[in-house]
Amino acid sequence: MANLYQSLELIRPEIILSIALLVLVTCDLIFHKNKKYIPYIALGGLLLTGIFVIANSGASGFAFIQSELMGKIGLLAIDNFGTYFKALIIITSILIVFFSFSSEEIQKITDRIGEYYALIFGMILGMFFIVSSVDLILIYLSLELMSLSSYVLAGFTKLRDRNSEAALKYLIFGAISSGLMLFGISLVYGLTGSTNLYVINMMLQSPNANLFTLAFANILIFAGIGYKISSAPFHFWTPDVYEGAPITITAYLSVASKAAGFALLIRFIKTTYVSFVDPVGNWQLLPVFDWKSVLIVISILTMTLGNFSALWQNNLKRMLAFSSIAHAGYLLLGLVVFSNGGMLAILIYFAIYLLMNLGAFLIVMLIANKTGSEDIDDYNGLGHSSPYIGIAMVIFLISLTGLPPTAGFIGKLYLFIALVDAKMITVAIIALLNSVVSLYYYVRVVKHMYLVKPEKEAPAVIPNLSDKILLTVLVAPVLLLGVYFQPLVDWAKSSLEVLGLM
Amino acid sequence: MLQVGLTHFLTLSAILFSLGVYGVVTRKNAVMVLMGIELILNSANINFIAFARFGNFGYSGQIAALFVIILAAAEAAIALAIVLNIYKTFANVNVDEIDHLKD
């Protein structure tokens with residue numbers, strides 16, 4: 001029993017989140033006449049969860065102990081690494097609630113707003129479990145919890161045909177890749193006799209398993225994770241779903257669910273396939289599967305495909321979708337060096353990516369609220385007619401490219417430092433060239449905003465006060481972190497600890 | 001007499017998996033694609049149970065299969081709701097005809 005209480009104490013944020021979800025559903029039923037207060041209940045639940053996430057920082061241990069084998073191993077590993085990603089997910093969720101306040105699309109469905117937030121809470125719950133679960137079955141279950149909610153959310157507004165199409169495409173790709181992942185999990189279970197990552201790691205230390213089957217299983221499992229982070233061979237859904245889904249959900253998918261996917265990938269590889277971490281911080285991979293070559297190929301493919309496909313896009317949402325594929329490629333580079341430095345780079349890059357990507361989506365949303373489209377021609381002359389939005393967009397796009405003095409530069413800098421430290425100069429050069437390519441399509445938007453004369457007088461997009469505050473909340477840290485990034489680096493450094501590995 | 005062993009179950013699950021993937025790739029009707037996905041999930045279930053039974057891994061495999069069955073039902077419910085919505089919008093459910101989101 002004592003074990004159970006300890007476990008419950010460790011998963012307090014998840015418990016609060018579940019209670020908030022239930023309160024939300026109940027309030028939706030009770031106050032079905034007036035749903036004005038539902039978003040505030042959601043916001044309160046998120047803030048409370050955030051407080052508990054912060055209170056949990058520093059806590060570490062296994063929840064729900066399964067076996068007494070080699071110490072105590074549980075279903076969930078609560079550690080600083082997980083807490084970091086949970087904090088990022090909660091920050092994104094809170095911002096998304098504010099996005100939903102000012103999104104026209106979401107304002108049109110106020111009668112179903114309770115379900116909207118309940119589904120978002122379902123997603124958050126799934127993501128919270130993903131970032132800390134160390135059991136393949138629990139990983140699969142929480143991945144599905146997140147996916148099932150997001151399939152519905154992708155087509156939630158049903159205002160246009162493209163909403164339904166996005167939901168269908170997301171569903172079919174998602175169901176296939178999670179099915180493949182499950183088959184891979186069943187093979188790993190057959191090879192090692194366990195679904196717990198630590199036990200699997202122990203079994204693989206002295207491999208008598210069939211390595212070919214293991215490689216096949218690994219590729220299948222990567223299909224499930226790669227779909228979530230939209231990496232190269234599994235990225236086909238991304239542009240269509242990002243374009244078709246309501247923009248708040250697009251922004252959410254591009255940041256939060258990608259964060260969960262990366263947390264899962266890092267934890268999966270680090271706990272399962274790393275035998276030990278040497279004093280310098282390099283991870284020694286088990287000689288059972290060559291993750292390094294696989295991930296190098298995938299990350300180069302991902303960023304090249306993302307960047308080159310983005311060049312021809314005229315729809316801003318679609319362009320940002322390809323740009324988010326490219327960023328997934330950069331983030332994977334942090335993993336392929338297999339060192340603590342690389343992991344630090346991923347953590348820093350992700351926090352920055354969160355701010356700049358959400359900022360870009362917020363501006364696309366504000367303009368779409370006014371003009372009803374995301375076409376690049378509707379941006380002509382906007383920089384002059386609505387200066388605040390224009391300047392903010394320029395800052396976000398410069399940051400997405402990775403140029404100083406914005407935060408995006410710091411993120412890229414740490415990535416390249418990690419790559420050069422690992423003596424992977426060729427890969428670093430390819431990534432650098434990719435950044436140069438990305439400059440073209442980001443600057444193209446700036447060109448349309450400032451240099452192209454609009455055919456008819458562009459309607460001025462004047463953000464109201466709350467939108468201005470929201471925009472400032474996103475712009476300020478992007479600029480600030482570009483010059484004063486030490487707090488973020490310190491926070492990321494303290495979050496490197498993944499439970500159980502010395 | 002023929003002894004049914006692990007190999008037989010694994011062969012069966014491999015066949016089911018391949019049929020599922022084949023169905024997903026070749027079928028145009030969204031409902032048929034979803035049935036292909038069900039085949040993939042169930043082939044994994046057979047794997048889980050066969051490994052647990054013949055590998056003496058305890059009941060963890062059976063429990064995993066139970067979870068997967070429940071999840072497959074939930075997924076089917078959501079999938080059919082989305083397909084129904086597609087039918088209302090486009091008046092057909094052929095995945096290759098629903099491609100208005102293109103560059």
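## A word to start with

Two residues are in contact here if their C-beta atoms, placed from the backbone, lie within 7 Å. With that in hand, take helix α13 of chain A: its buried residues pack against α12, β4 (283-285), α14 (316-336) and α19 (425-450) of chain A. Keep in mind that what you're looking at is a predicted model.

Which residues of α13(A) are the buried ones? They are A:W291, A:L295, A:I296, A:I298, A:S299, A:I300, A:T302, A:M303, A:G306, A:N307, A:S309 and A:A310. The helix covers residues 291-310, and its 20 residues should span 28 Å at 1.5 Å a residue; the end C-alpha atoms are 28 Å apart, so the two values agree.

## Chain A as a whole

Chain A has 502 residues, and 60% of them count as buried. Its make-up is 21 helices and 4 strands. The C-alpha trace spans about 70 × 60 × 40 Å along its principal axes.

How does that fit a compact globule? For 502 residues, such a globule would have a radius of gyration near 23 Å, and chain A, at 22 Å, agrees with that. Look at contacts in chain A with a separation of 6 or more, and 77% of them come from residues 24 or more positions apart.

## A helix on the inside

Next up is α15(A), which runs over residues 340-371.

Is α15(A) largely enclosed or largely open? Of its 32 residues, 28 are buried, so the helix is largely enclosed by the rest of the structure.

Two packed helices are described by the angle between their axes and the distance between the axes. For α10 (residues 211-229) and α12 (residues 247-273) of chain A, the axes come within 7 Å and cross at roughly 145 degrees. The crossing of α10(A) past α12(A) is left-handed.

Who does the touching? On the α10(A) side you'll find A:I225, A:K228 and A:I229. On the α12(A) side there are A:S257, A:K258, A:A260, A:G261, A:F262, A:L264, A:L265 and A:F268. Sorted by class, the residues of this contact come out as 7 nonpolar, 2 polar and 2 charged.

Chain B has 103 residues, of which 31% count as buried. It holds 3 helices and 0 strands, giving the pattern α-α-α along the sequence. Why call chain B more spread out than a compact globule? Its radius of gyration is 17 Å, well over the 13 Å that the globule rule gives for 103 residues, so spread out it is.

Along its principal axes, the C-alpha trace of chain B spans about 55 × 25 × 25 Å. Among contacts in chain B between residues at least 6 apart in sequence, 47% join residues at least 24 apart.

## Where the chains meet

The two chains touch through 34 residues of chain A and 33 residues of chain B. On chain A's side, α7 (136-154), α8 (161-192) and α11 (237-244) each supply at least two residues. The largest share comes from α8(A), with 18 residues. By class, this side of chain A has 17 nonpolar, 9 polar and 8 charged residues.

A:E165 lies in helix α8 of chain A. Buried or exposed? A residue is buried if 20 or more other C-beta atoms lie within 10 Å of its own, and A:E165 has 25 such neighbours, so it counts as buried. Not counting residues up to four places away in sequence, A:E165 touches A:G244, B:I98, B:H100 and B:L101. A:E165 also sits 8.0 Å from A:V241, C-alpha to C-alpha, though they are 76 residues apart in sequence.

Helix α8 of chain A holds A:G190 as well. With 23 C-beta neighbours inside 10 Å, A:G190 counts as buried. Leaving aside its neighbours within four places in sequence, A:G190 is in contact with B:N47, B:F51 and B:G55. Back in chain A, A:G190 and A:L214 are 24 residues apart in sequence, with 9.9 Å between their C-alpha atoms.

Key
Residues are numbered from 1 along each chain as its sequence is written. Chains are lettered from A and ligands numbered from 1 in the order in which they are written. This is a predicted model: local features need pLDDT of at least 70, side-chain atom pairs count only at pLDDT 80 or more; totals for chains, interfaces and linings use all residues. Ala, Val, Leu, Ile, Met, Phe, Trp, Tyr, Cys and Pro count as nonpolar, Asp, Glu, Lys and Arg as charged, and the others, Gly among them, as polar. Axes are lines fitted to C-alpha atoms, for helices over the stretch in contact, and angles run from 0 to 180 degrees between N-to-C directions. A crossing is left-handed if the near helix is turned anticlockwise from the far one by less than a right angle, and right-handed if clockwise. The radius of gyration is taken over C-alpha atoms; the globule rule is 2.2 Å times the number of residues to the power 0.38. A residue is buried if 20 or more other C-beta atoms lie within 10 Å of its own, exposed if 12 or fewer, and partly exposed in between; C-beta atoms are placed from the backbone. The expected span of a helix is 1.5 Å times one less than its number of residues.
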